[in-house]
Amino acid sequence: FATGLLALLLGNLSLCETAWVQRGAMAAFPLLDAGLGALYAADGMPERAYPRLFHAAREFPSAHGIQIELADAALAMGDPTPARTVIESPATAELPDAALRILRMRGDLEALEGNRAAAEQTFRELLRKLPDDALVLQRLARLAVDRGRSEEHTSELQSPCNLVCRLLLE
């Protein structure tokens with residue numbers, strides 16, 4: 001267990017997972033699944049985060065933070081069901097620190113389900129609240145590219161802080 005914890009603290013997720021899986025710790029401690037899943041999600045690895053968060057969410061159904069992490073990873077994997085559950089849940093709607101994230105997930109869900117106009121409207125609403133959020137700008141730019149309007153968000157993506165968005169779209 002200690003080897004996995006040390007690897008986690010040092011940021012070596014694969015060694016952490018290997019150490020904990022070899023010891024059987026993941027099955028015994030679903031909280032480890034939650035933590036490792038959240039780290040994988042933050043590192044842009046939803047395919048590795050999703051099963052861990054799914055297991056943790058099953059064990060902790062009233063832990064809204066885990067449910068939100070699962071919903072976000074599920075959307076990235078093309079599974080709308082957990083996101084729909086989180087978005088429609090009155091319990092998560094009352095979480096002040098999650099409101100903007102849930103709004104972004106609503107836009108992602110709308111885009112995944114093919115409702116691009118609604119997704120664009122949702123992302124524009126979010127952009128009014130977070131004008132410098134590169135993730136929202138990237139989502140809007142991706143929708144514009146998908147609709148054949150690649151020049152539409154060029155001015156919004158010119159700042160140096162949005163370099164990543166421009167690179168993702170190339």
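Helices (H or I, at least four residues) and strands (E, at least two) are DSSP runs, numbered from the N terminus. On that basis, the protein has 12 helices and 0 strands, and its pattern along the sequence reads α-α-α-α-α-α-α-α-α-α-α-α. This is a predicted model, in which local features need pLDDT of at least 70 and side-chain atom pairs count only at pLDDT 80 or more, whereas totals for chains, interfaces and linings use all residues. Residues are numbered from 1 along each chain as its sequence is written, and side-chain values use heavy atoms, with hydrogens and water left out.

**Overall burial and contacts**

- Of the 170 residues of the protein, 39% count as buried, where buried means under 20% relative accessible area, exposed over 50% and partly exposed in between (1.4 Å probe, protein chains only).
- Among contacts (heavy atoms within 4.5 Å) with a separation of 6 or more, 44% join residues 24 or more positions apart.

**Helices H4 and H5**

- The axes of helix H4 (residues 30-42) and helix H5 (residues 46-59) come within 8 Å and cross at roughly 145°; axes are lines fitted to C-alpha atoms, for helices over the stretch in contact, and angles run from 0 to 180 degrees between N-to-C directions.
- H4 passes H5 in a left-handed crossing, a term that applies if the near helix is turned anticlockwise from the far one by less than a right angle, with clockwise giving right-handed.
- On the H4 side the contact includes Pro30, Asp33, Leu36 and Tyr40, and on the H5 side it includes Arg48, Ala49, Leu53 and Glu59.
- The residues of this contact divide into 9 nonpolar, 2 polar and 4 charged (Ala, Val, Leu, Ile, Met, Phe, Trp, Tyr, Cys and Pro count as nonpolar, Asp, Glu, Lys and Arg as charged, and the others, Gly among them, as polar).
- Pro51 is found in H5 and, at 44% relative accessibility, counts as partly exposed.
- The C-alpha atoms of Pro51 and Asp33 are separated by 8.6 Å, although the two residues are 18 apart along the chain.

**Nonpolar cores**

- A nonpolar core is a set of buried Ala, Val, Leu, Ile, Met, Phe, Trp, Tyr and Cys residues joined through side-chain atoms within 4.5 Å.
- The largest such core has 15 residues, of which Cys16, Leu36, Tyr40, Ala49, Leu53 and Ile66 touch the most other members.
- Helix H2 (13-23), H4, H5 and helix H6 (64-76) each give two or more residues to this core.
- A second, separate core of 10 residues includes Ile68, Ala71, Ile102 and Leu109.
- Ala49 is in contact with Gly37, Tyr40, Ala41 and Ala73, leaving aside its neighbours within four places in sequence.
- Gln67 lies in H6 and counts as buried at 17% relative accessibility.
- Beyond its neighbours within four places in sequence, Gln67 is in contact with Ala57, Phe60, Pro61 and Val86.

**Helices H10 and H11**

- The axes of helix H10 (residues 116-129) and helix H11 (residues 134-146) come within 9 Å and cross at roughly 150°.
- That angle makes H10 roughly antiparallel to H11; angles over 145 degrees count as roughly antiparallel, under 35 as roughly parallel, 65 to 115 as roughly perpendicular and the rest as oblique.
- H10 passes H11 in a left-handed crossing, and by class their contact has 8 nonpolar, no polar and 5 charged residues.
- Leu143 is found in H11 and counts as buried at 3% relative accessibility.
- Not counting residues up to four places away in sequence, Leu143 touches Ala111, Arg116, Ala119, Glu120 and Phe123.
- The C-alpha atoms of Leu143 and Ala119, 24 residues apart along the chain, are separated by 8.3 Å.
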